[in-house]
Amino acid sequence: MEKKPYYITTAIAYTSGKPHIGNTYEIVLADSIARYKRMQGYDVRFQTGTDEHGQKIELKAAEAGVTPKQFVDNVAGEIKRIWDLMNTSYDKFIRTTDEYHEKQVQKIFKKLYDKGDIYKGHYEGMYCTPCESFWTESQLVDGKCPDCGREVKPAKEEAYFFKMSKYADRLIDYINEHPEFIQPVSRKNEMMNNFLLPGLQDLCVSRTSFKWGIPVDFDDRHVVYVWLDALTNYITGLGYDCDGDNDELFKKYWPADLHLIGKDIIRFHTIYWPIFLMALDLPLPKQVFGHPWLLQGGDKMSKSKGNVIYADDMADMFGVDAVRYFVLHEMPFENDGVITWELVVERLNSELANTLGNLVNR
């Protein structure tokens with residue numbers, strides 16, 4: 001009997017720096033699901049990788065005195081090293097600087113432009129460089145970026161836009177007809193009430209203010225902007241071809257069974273991504289699960305706050321299996337989990353050493 005295919009992906013890690021334990025949690029969770037599905041007899045394809053373009057990387061590379069490509073090669077290597085250290089059984093590690101991916105992104109952009117879904121316009125607003133996001137005055141919180149709380153500057157530039165509004169009703173119907181599509185349910189309600197029902201703004205899909213990105217091949221002042229480049233990894237990694245000459249892997253594994261992502265990028269995966277797929281006449285993924293964050297004490301981990309715990313440091317101290325056990329055990333599916341060094345020690349002593357250790361000894 002032929003095995004049933006099962007395709008699972010993580011979000012691709014942004015190559016601005018070394019991944020912390022919160023990022024690592026996602027790959028470990030995806031790995032445990034992939035292993036479980038293999039045990040159940042599925043033919044599993046498990047994909048992860050790195051998101052490597054953008055202004056933030058261009059700036060970081062300049063600070064480090066290297067080219068953007070050298071910078072991302074270094075960070076992507078570090079990410080892969082940690083994923084391997086954590087014993088994760090992925091089948092494909094895609095990089096958005098892979099030649100095949102870049103070619104396809106250019107073709108997808110052109111196809112959507114020819115179809116009239118992408119048009120040229122101007123972008124004006126308050127711009128946050130670290131988040132690479134434009135905001136309107138009303139979206140700012142105390143005059144600062146609503147996502148990261150840092151300074152924003154007024155900016156205006158020519159850009160290509162994707163007509164989100166054209167597909168909004170189709171997406172609303174799809175979500176209503178497929179209650180399992182966005183999980184947990186709280187995230188689904190948030191997307192519907194905060195974004196879809198009030199009406200979607202068209203999405204900026206190109207930039208001219210930096211160079212480190214995939215060039216728009218028919219207008220080389222522009223580079224393809226983050227989401228059209230990053231999200232398409234889930235299909236280009238299977239050998240999707242815009243002209244219809246798809247790889248066998250794509251025919252076998254698409255649509256994805258599960259996109260496992262952090263709750264902070266749920267909007268991109270449950271609104272932008274399905275709409276891009278509709279525009280390409282492709283089936284939508286069966287489920288997008290937005291997992292919570294792993295907080296350090298009570299705070300979101302961030303390199304700028306200096307409150308980051310790294311997986312390799314934990315693995316050095318406790319061993320890989322103990323770290324995997326901790327993150328899987330500690331994370332609820334709806335609410336954020338908490339990690340501190342003290343908590344890890346306490347859990348491992350009480351559960352692995354005392355309870356499990358005792359059991360094994362008897």
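On a 1 Å grid over the protein atoms alone, a cavity is a set of points where a 1.4 Å probe fits but cannot get out, and its lining residues have an atom within 4 Å of a point. Grid points are joined across faces, edges and corners, and a volume is the space filled by probe spheres set on the points. The model here is predicted, so local features need pLDDT of at least 70 and side-chain atom pairs count only at pLDDT 80 or more, while totals for chains, interfaces and linings use all residues. Residues are numbered from 1 along each chain as its sequence is written, and side-chain values use heavy atoms, with hydrogens and water left out.

A search of the whole structure finds 1 cavity of 30 Å³ or more. The largest cavity has a volume of about 50 Å³. Its lining includes D51, H53, E132, W212 and D229. By class, the lining has 5 nonpolar, 2 polar and 3 charged residues; here Ala, Val, Leu, Ile, Met, Phe, Trp, Tyr, Cys and Pro count as nonpolar, Asp, Glu, Lys and Arg as charged, and the others, Gly among them, as polar.

Next come the charged pairs. Side chains of opposite charge can pair when their charged atoms come close. A salt bridge is a side-chain nitrogen of Lys or Arg within 4 Å of a carboxyl oxygen of Asp or Glu, and by this rule the count comes to 25.

One of these joins R95 to E52, with the closest N and O atoms 2.7 Å apart. The pair links distant parts of the chain, 43 residues apart: R95 is in strand β4 (residues 92-95), and E52 is in the loop between β3 (43-51) and α2 (55-64). Helices (H or I, at least four residues) and strands (E, at least two) are DSSP runs, numbered from the N terminus. Buried means under 20% relative accessible area, exposed over 50%, and partly exposed in between (1.4 Å probe, protein chains only). R95 counts as buried because its relative accessibility is 19%, and E52 is buried at 0%.

K107 and D241 meet in another salt bridge, at 2.8 Å from N to O. K107 lies in helix α4 (residues 99-114) and D241 in the loop between α8 (233-236) and α9 (248-253), 134 residues apart. K107 is partly exposed at 26%, whereas D241 is buried at 8%.

A further salt bridge pairs E248 with K251 at 3.2 Å. Both lie in helix α9, 3 residues apart, about one turn of the helix. E248 is exposed at 55%, and K251 is exposed at 53%.

Key
On a 1 Å grid over the protein atoms alone, a cavity is a set of points where a 1.4 Å probe fits but cannot get out, and a pocket is an open set with protein on both sides within 12 Å along at least five of seven lines; lining residues have an atom within 4 Å of a point.
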